[in-house]
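Please read them alongside the coordinates.

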Amino acid sequence: FDDLTLSAVLADEAVRSRVWTLARPALEALVRGSAPRETDLVASLEAFLHHNGSWEAAARALGVHRHTLRARISRIEELTGLSLDVAENRIMLLLGLMCRPNGLITS
């Protein structure tokens, strides 16, 4: 079990491919639907997810006010059709971001 880490699991190309297939529609909708001024949505999503949904910590990491981050997350939910209040959605998006092919869905 010492070798069974998230990094080890995601190193398997078959796993990465399946995860990306699952998350791709939502992440592409996020990028496709965002306005040119909303280039920070992917970075905001990543910060929010990597800080375990902590508004304060994620906003601080991004250098924005927590209300700005809340507005961005609301926009992300609108574009993806996914509620980030649902743990399964947060997990899918985080793993999808971790498995995205190089050059796609950049932050």
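This is a predicted model: local features need pLDDT of at least 70, side-chain atom pairs count only at pLDDT 80 or more; totals for chains, interfaces and linings use all residues.

1. Helix α3 itself covers residues 41–50. The buried set consists of Leu41, Val42, Ser44, Leu45, Glu46, Ala47, Phe48 and Leu49. With 8 of its 10 residues buried, α3 is largely enclosed by the rest of the structure. A charged side chain, that of Glu46, belongs to a residue in this buried set.

2. The contact of α3 with α2 comes next. The two helices pack at an angle of about 135 degrees, and their axes are 10 Å apart. At that angle α2 and α3 are oblique to each other. From α2 the contact takes Leu27, Leu30 and Val31, and from α3 it takes Leu41, Val42 and Leu45. By class this gives 6 nonpolar residues, with no polar and no charged ones.

3. Helix α4 (residues 55–62) approaches α3 so that the axes come within 8 Å and cross at roughly 135 degrees. That angle makes α3 oblique to α4. The crossing is right-handed. On the α3 side the contact is made by Ala43, Ser44, Ala47 and Phe48, and on the α4 side by Trp55, Ala58 and Leu62. These residues divide into 6 nonpolar and 1 polar, with no charged residue.

4. Which residues of α4 are buried? They are Ala57, Ala58 and Ala59. The cover over the buried residues of α4 includes α3 and α5. Of these three alanines, Ala58 is also listed in the contact with α3.

5. The count of aromatic pairs comes to 1. The pair is Phe48 with Trp55: the ring centres are 4.7 Å apart and the planes stand at 45 degrees, so the pair is tilted. Both residues take part in the contact of α3 with α4. Phe48 counts as buried, at 5% relative accessibility, whereas Trp55 counts as partly exposed, at 22%.

6. The loop between α3 and α4 holds Asn52. Its phi is positive, near 55 degrees, in a residue other than glycine. Most residues other than glycine have a negative phi. Is Asn52 buried or exposed? Asn52 is exposed, with a relative accessible area of 74%.

7. Against α6, the axis of α3 comes within 10 Å and the two cross at roughly 115 degrees. Here the crossing is left-handed, whereas that of α3 and α4 is right-handed. In α3 the residues involved are Val42, Leu45, Glu46, Phe48, Leu49 and His50, and in α6 they are Arg90, Leu93, Leu94 and Leu97. The classes are 7 nonpolar, 1 polar and 2 charged. Val42 and Leu45 are also named in the contact of α2 with α3, and Phe48 is also named in that of α3 with α4.

8. Arg90 lies in helix α6 (residues 87–99). What does Arg90 touch, not counting residues up to four places away in sequence? Its contacts are Phe48, Leu49, Leu84 and Asp85. Arg90 and Leu49 are 41 residues apart in sequence, and their C-alpha atoms are 6.8 Å apart in space. Arg90 is partly exposed, with a relative accessible area of 29%.

9. The loop between α5 and α6 includes Leu82. At a relative accessible area of 17%, Leu82 is buried. Leaving aside neighbours within four places in sequence, Leu82 is in contact with Ala26, Glu77, Asn89, Met92 and Leu93. Leu82 and Leu93 are 11 residues apart in sequence and 9.5 Å apart from C-alpha to C-alpha. Leu93 is also one of the α6 residues that meet α3.

Key: Residues are numbered from 1 along each chain as its sequence is written. Side-chain values use heavy atoms; hydrogens and water are left out. Axes are lines fitted to C-alpha atoms, for helices over the stretch in contact, and angles run from 0 to 180 degrees between N-to-C directions. Helices (H or I, at least four residues) and strands (E, at least two) are DSSP runs, numbered from the N terminus. Angles under 35 degrees count as roughly parallel, over 145 as roughly antiparallel, 65 to 115 as roughly perpendicular and the rest as oblique. A crossing is left-handed if the near helix is turned anticlockwise from the far one by less than a right angle, and right-handed if clockwise. Contact means heavy atoms within 4.5 Å. Rings of Phe, Tyr and Trp (its six-membered ring) pair if their centres lie within 6.5 Å; planes under 30 degrees apart count as stacked, over 60 as edge-to-face and the rest as tilted. Buried means under 20% relative accessible area, exposed over 50%, partly exposed in between (1.4 Å probe, protein chains only).
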